[in-house]
Amino acid sequence: MTLLSGLLLPFSLQTLAQTPSIKAFEQFFQQLSVQCGKAYPGRLTLAPEGDTMLTGTELLIVHFRDCNETQLKLPFHIELEAAQDWNRSRTWIYTKHADKLELRHDHRTKDGHDDSVTMYGGFSYGEGTAIRQEFQSLERTTESGYFRGWRIEIEPGVRYTYGTVRGSDWSWRIDFDLSQPLAELPPAPWGHE
(Lines give C-alpha, C1' and ligand atoms only; values in the text may rest on other atoms or scores of the structure.)
Protein backbone atom coordinates (compact mmCIF):
# COMPACT_ATOMS: atom_id res chain seq x y z
CA MET A 1 0.00 0.00 0.00
CA THR A 2 1.40 3.40 -0.94
CA LEU A 3 1.51 6.31 1.45
CA LEU A 4 -1.17 8.13 -0.58
CA SER A 5 -3.58 5.17 -0.57
CA GLY A 6 -2.90 4.70 3.14
CA LEU A 7 -3.97 8.30 3.74
CA LEU A 8 -7.04 8.14 1.47
CA LEU A 9 -8.43 4.83 2.75
CA PRO A 10 -9.34 6.12 6.25
CA PHE A 11 -10.82 9.27 4.68
CA SER A 12 -12.99 7.20 2.28
CA LEU A 13 -14.24 4.92 5.05
CA GLN A 14 -14.99 7.90 7.28
CA THR A 15 -16.91 9.63 4.47
CA LEU A 16 -18.87 6.46 3.73
CA ALA A 17 -19.71 6.03 7.42
CA GLN A 18 -21.04 9.60 7.55
CA THR A 19 -23.32 9.09 4.52
CA PRO A 20 -26.85 8.53 5.82
CA SER A 21 -28.38 5.24 4.70
CA ILE A 22 -31.10 5.49 2.09
CA LYS A 23 -34.47 4.89 3.73
CA ALA A 24 -37.00 2.40 2.37
CA PHE A 25 -39.42 5.10 1.18
CA GLU A 26 -36.58 6.80 -0.74
CA GLN A 27 -35.60 3.49 -2.36
CA PHE A 28 -39.25 2.94 -3.28
CA PHE A 29 -39.50 6.41 -4.84
CA GLN A 30 -36.34 5.64 -6.83
CA GLN A 31 -37.84 2.34 -8.05
CA LEU A 32 -40.85 4.28 -9.38
CA SER A 33 -38.59 6.94 -10.92
CA VAL A 34 -36.75 4.32 -13.00
CA GLN A 35 -39.97 3.86 -15.02
CA CYS A 36 -40.23 7.53 -16.01
CA GLY A 37 -41.09 8.18 -19.63
CA LYS A 38 -42.72 4.78 -20.13
CA ALA A 39 -46.29 3.47 -20.14
CA TYR A 40 -47.43 -0.06 -19.33
CA PRO A 41 -50.56 -2.18 -19.83
CA GLY A 42 -52.49 -3.52 -16.89
CA ARG A 43 -55.65 -5.24 -15.76
CA LEU A 44 -57.99 -5.53 -12.82
CA THR A 45 -56.97 -8.47 -10.61
CA LEU A 46 -59.27 -8.01 -7.60
CA ALA A 47 -62.48 -6.07 -6.92
CA PRO A 48 -65.04 -6.24 -4.12
CA GLU A 49 -68.24 -8.07 -4.95
CA GLY A 50 -70.67 -5.71 -6.65
CA ASP A 51 -68.00 -3.16 -7.61
CA THR A 52 -68.70 -1.97 -11.16
CA MET A 53 -66.03 0.67 -11.69
CA LEU A 54 -64.09 -1.71 -13.96
CA THR A 55 -65.29 -4.72 -15.93
CA GLY A 56 -62.03 -6.67 -15.76
CA THR A 57 -61.78 -6.97 -19.55
CA GLU A 58 -60.76 -3.41 -20.44
CA LEU A 59 -57.19 -2.29 -21.06
CA LEU A 60 -55.69 -0.20 -18.28
CA ILE A 61 -52.58 1.91 -18.78
CA VAL A 62 -50.24 3.58 -16.29
CA HIS A 63 -47.97 6.26 -17.71
CA PHE A 64 -44.95 7.40 -15.69
CA ARG A 65 -45.31 10.81 -17.31
CA ASP A 66 -44.05 13.75 -15.21
CA CYS A 67 -41.05 13.18 -12.98
CA ASN A 68 -38.66 15.25 -10.94
CA GLU A 69 -36.59 14.69 -7.80
CA THR A 70 -39.50 15.12 -5.41
CA GLN A 71 -42.67 14.38 -7.37
CA LEU A 72 -43.96 11.78 -9.82
CA LYS A 73 -47.23 12.06 -11.74
CA LEU A 74 -48.66 8.83 -13.13
CA PRO A 75 -51.81 9.16 -15.25
CA PHE A 76 -54.11 6.12 -15.09
CA HIS A 77 -56.02 5.55 -18.37
CA ILE A 78 -59.10 3.32 -18.51
CA GLU A 79 -60.41 1.90 -21.79
CA LEU A 80 -64.17 2.38 -22.23
CA GLU A 81 -64.89 -0.67 -24.36
CA ALA A 82 -68.56 -0.01 -25.16
CA ALA A 83 -67.95 3.63 -26.12
CA GLN A 84 -64.66 2.87 -27.87
CA ASP A 85 -63.13 5.76 -25.94
CA TRP A 86 -60.93 6.38 -22.90
CA ASN A 87 -61.41 7.74 -19.40
CA ARG A 88 -58.33 9.89 -18.79
CA SER A 89 -59.57 11.50 -15.57
CA ARG A 90 -57.12 10.10 -13.01
CA THR A 91 -53.51 10.87 -12.11
CA TRP A 92 -51.65 9.37 -9.16
CA ILE A 93 -49.24 11.85 -7.60
CA TYR A 94 -46.35 10.69 -5.40
CA THR A 95 -44.50 13.39 -3.46
CA LYS A 96 -41.29 12.71 -1.55
CA HIS A 97 -40.95 14.60 1.74
CA ALA A 98 -37.98 14.56 4.12
CA ASP A 99 -39.35 11.68 6.20
CA LYS A 100 -42.11 9.99 4.16
CA LEU A 101 -44.04 9.80 0.90
CA GLU A 102 -47.43 11.26 0.07
CA LEU A 103 -49.96 9.81 -2.40
CA ARG A 104 -52.70 11.99 -3.88
CA HIS A 105 -55.38 11.25 -6.47
CA ASP A 106 -55.92 14.06 -8.98
CA HIS A 107 -59.34 13.53 -10.60
CA ARG A 108 -60.48 15.77 -13.47
CA THR A 109 -63.54 16.11 -15.63
CA LYS A 110 -63.21 15.80 -19.41
CA ASP A 111 -63.02 19.60 -19.74
CA GLY A 112 -60.01 19.61 -17.38
CA HIS A 113 -61.68 21.02 -14.27
CA ASP A 114 -61.32 19.44 -10.83
CA ASP A 115 -63.77 16.60 -10.23
CA SER A 116 -66.10 16.95 -7.24
CA VAL A 117 -63.87 14.44 -5.42
CA THR A 118 -60.16 15.04 -6.00
CA MET A 119 -56.75 15.26 -4.32
CA TYR A 120 -57.65 12.71 -1.66
CA GLY A 121 -54.91 10.43 -0.37
CA GLY A 122 -52.54 10.11 2.53
CA PHE A 123 -49.00 9.66 3.77
CA SER A 124 -46.88 6.52 3.86
CA TYR A 125 -47.55 4.45 6.95
CA GLY A 126 -44.82 2.53 8.74
CA GLU A 127 -41.38 1.94 7.30
CA GLY A 128 -42.43 -0.11 4.27
CA THR A 129 -39.82 -1.56 1.93
CA ALA A 130 -38.08 -0.66 -1.31
CA ILE A 131 -40.82 -2.54 -3.20
CA ARG A 132 -43.92 -1.92 -1.06
CA GLN A 133 -45.38 1.15 0.62
CA GLU A 134 -48.76 1.64 2.26
CA PHE A 135 -50.53 4.97 2.50
CA GLN A 136 -53.10 5.60 5.19
CA SER A 137 -56.39 7.38 4.70
CA LEU A 138 -56.85 8.93 8.13
CA GLU A 139 -60.49 9.75 7.40
CA ARG A 140 -61.41 6.21 6.31
CA THR A 141 -59.35 4.63 9.10
CA THR A 142 -61.06 6.81 11.72
CA GLU A 143 -64.51 6.01 10.30
CA SER A 144 -63.98 2.25 10.23
CA GLY A 145 -61.74 1.73 13.27
CA TYR A 146 -59.17 -0.30 11.30
CA PHE A 147 -56.45 0.56 8.78
CA ARG A 148 -57.71 1.73 5.40
CA GLY A 149 -55.72 3.16 2.58
CA TRP A 150 -53.63 2.16 -0.42
CA ARG A 151 -50.89 -0.39 -1.03
CA ILE A 152 -48.44 0.18 -3.87
CA GLU A 153 -45.86 -2.35 -5.02
CA ILE A 154 -43.11 -1.98 -7.61
CA GLU A 155 -40.82 -4.67 -9.00
CA PRO A 156 -38.88 -3.03 -11.85
CA GLY A 157 -39.10 -5.10 -15.01
CA VAL A 158 -41.88 -7.22 -13.48
CA ARG A 159 -44.93 -5.34 -12.19
CA TYR A 160 -46.41 -2.19 -10.69
CA THR A 161 -49.43 -2.80 -8.45
CA TYR A 162 -51.91 -0.23 -7.17
CA GLY A 163 -54.71 -1.14 -4.81
CA THR A 164 -56.75 -0.36 -1.76
CA VAL A 165 -56.46 -2.21 1.54
CA ARG A 166 -58.74 -2.79 4.50
CA GLY A 167 -56.83 -3.98 7.52
CA SER A 168 -54.05 -6.09 6.05
CA ASP A 169 -55.98 -7.39 3.02
CA TRP A 170 -56.29 -6.11 -0.51
CA SER A 171 -59.83 -4.93 -1.25
CA TRP A 172 -59.22 -3.70 -4.81
CA ARG A 173 -56.15 -4.27 -6.98
CA ILE A 174 -54.77 -3.66 -10.45
CA ASP A 175 -51.48 -4.97 -11.82
CA PHE A 176 -49.39 -3.51 -14.64
CA ASP A 177 -46.86 -5.53 -16.63
CA LEU A 178 -43.52 -3.71 -16.45
CA SER A 179 -41.89 -6.21 -18.79
CA GLN A 180 -43.93 -4.86 -21.73
CA PRO A 181 -43.62 -1.07 -22.15
CA LEU A 182 -46.05 0.26 -24.72
CA ALA A 183 -44.59 1.35 -28.06
CA GLU A 184 -46.99 4.31 -28.20
CA LEU A 185 -47.47 6.60 -25.21
CA PRO A 186 -51.01 7.72 -24.31
CA PRO A 187 -52.02 11.38 -24.65
CA ALA A 188 -52.02 13.71 -21.67
CA PRO A 189 -54.64 13.08 -19.00
CA TRP A 190 -57.54 15.48 -18.80
CA GLY A 191 -56.48 18.84 -17.41
CA HIS A 192 -52.75 18.21 -17.91
CA GLU A 193 -52.11 19.22 -21.53
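Trainee: Which residues have the most contacts inside the largest nonpolar core?
Mentor: Trp92, Tyr94, Tyr160, Ile174 and Phe176, in a core of 28 residues. A nonpolar core is a set of buried Ala, Val, Leu, Ile, Met, Phe, Trp, Tyr and Cys residues joined through side-chain atoms within 4.5 Å; buried means under 20% relative accessible area with a 1.4 Å probe, protein chains only.

Trainee: What should I know about the model?
Mentor: This is a predicted model: local features need pLDDT of at least 70, side-chain atom pairs count only at pLDDT 80 or more, and totals for chains, interfaces and linings use all residues. Residues are numbered from 1 along each chain as its sequence is written, and side-chain values use heavy atoms, with hydrogens and water left out.

Trainee: What is isoleucine 174 in contact with?
Mentor: Leaving aside neighbours within four places in sequence, its contacts (heavy atoms within 4.5 Å) include Leu44, Trp92 and Tyr160.

Trainee: And aspartate 175, buried or exposed?
Mentor: Aspartate 175 counts as buried because its relative accessibility is 15%.

Trainee: Which side chain does the side chain of aspartate 175 make a polar contact with?
Mentor: That of arginine 173, at 3.0 Å. A polar contact is a pair of N or O atoms within 3.5 Å; within protein, one must be able to donate a hydrogen and the other to accept it, and residues adjacent in sequence count only if both atoms are side-chain atoms.

Trainee: What else is aspartate 175 in contact with?
Mentor: Beyond its neighbours within four places in sequence, aspartate 175 is in contact with Pro41, Gly42, Arg43, Thr45, Arg159, Tyr160 and Thr161.

Conventions:
Buried means under 20% relative accessible area, exposed over 50%, partly exposed in between (1.4 Å probe, protein chains only).
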